[in-house]
Amino acid sequence: MRRLTPLLLVVTALLATACTNRAPAPLGTERYAEEVFASTRTTYDVVYASAPDLVSGQPVDLVLDWTEPVLDTLAERPVIVWIHGGGFKGGDKSSLSPLAAAWAKRGYVTLSINYRVDPGNRCQELQDGEITDPTELEQETARCTAAIIAAQHDAQAAIRWVRANALLLRADPTRVAVGGTSAGAVTAVNVAQRSDDPGTVGTDLAFDSSVAAALAASGCQYLPEDIDSSDAPVHHLASEFDAAVPFECTMQTEALALAAGVDAGSAYYYGEGTHALGLYNKYRSEVDPLWSAFLIQHLGL
């Protein structure tokens, strides 16, 4: 991960006319717009792939929790794959269990995934410019990059697993979105904007790993040159004084997507420093309608 010089002219030109916390588009049916189901059920620790551990190199199972609304009669439901945060060092799918359940109550099939992490990485120090020795800088850049790309490839493997098991999940394979918080938001952005690098994780390689939309709470694109017109649209949630993911990077990601002709949305909180899941929970009553409208639009619900 490297520090980014924001493209201020592009950001200013494209965002000056954009309305922060945009009003949602017409929502259509109540389903997907609100929590219409009273309860959900979850199947825990389903293995979706296996891949080499980032430290030991030994194969490890990658698992997910699958949540769906109880008493739902639809044969095909849209899917959201949720990706937890943790600085690519740690974290667990269980941290997003309440989020996954809440969105399942709206009528989605939701999956909360674990992915490979590297507990010894120094991604945050690298981003913050605290590593200055050239040799160390090179080593830590490679280590951090490996963790970020592994997370992307694992998430893409989970998306392929969804499509391979669409009948089991009663999922609509044409309506798949991804969402995440912090490192999971970075990963969600990468899944949306780096679909040309699907990786080779898992056994469902015949299936597509692209998505129709992404939701990112404190995430951005650290490889801005990869943003182009083929990307999926991303809705960004971010705070001005976020200490983990630079606000300017999030703004740049949105601006470059718009410049490439890809729709993007944002809920930016100025004068605020709350990060990722904490930011979502703090402003959930405002964010949920925005995210709902974004998914309804881009999943064609």
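In which helix is Ala155 found? In this predicted model, where local features need pLDDT of at least 70, side-chain atom pairs count only at pLDDT 80 or more, and totals for chains, interfaces and linings use all residues, Ala155 is found in helix H4, residues 134-164. Residues are numbered from 1 along each chain as its sequence is written, and side-chain values use heavy atoms, with hydrogens and water left out. Helices (H or I, at least four residues) and strands (E, at least two) are DSSP runs, numbered from the N terminus.

Ala155 is buried, with a relative accessible area of 1%; buried means under 20%, exposed over 50% and partly exposed in between, using a 1.4 Å probe and protein chains only. Beyond its neighbours within four places in sequence, Ala155 is in contact with Ile83, Ile113, Thr187 and Val191, where contact means heavy atoms within 4.5 Å.

Eight strands form an open sheet in the order S1-S2-S4-S3-S5-S6-S7-S8, with mixed pairing; two strands pair if DSSP finds at least two bridges between them. Strands S1 (40-52) and S8 (264-269) stand at the edges with a single partner strand each, so one side of each is left without a neighbour in the sheet. S1 runs antiparallel to strand S2 (residues 59-69), joined by 10 bridges, and Ser50 stands opposite Asp61 in S2.

Helix H6 (residues 183-193) lies across strands S3 (77-83), S5 (171-181), S6 (213-217) and S7 (234-239), at about 140° to S5. Axes here are lines fitted to C-alpha atoms, for helices over the stretch in contact, and angles run from 0 to 180 degrees between N-to-C directions.
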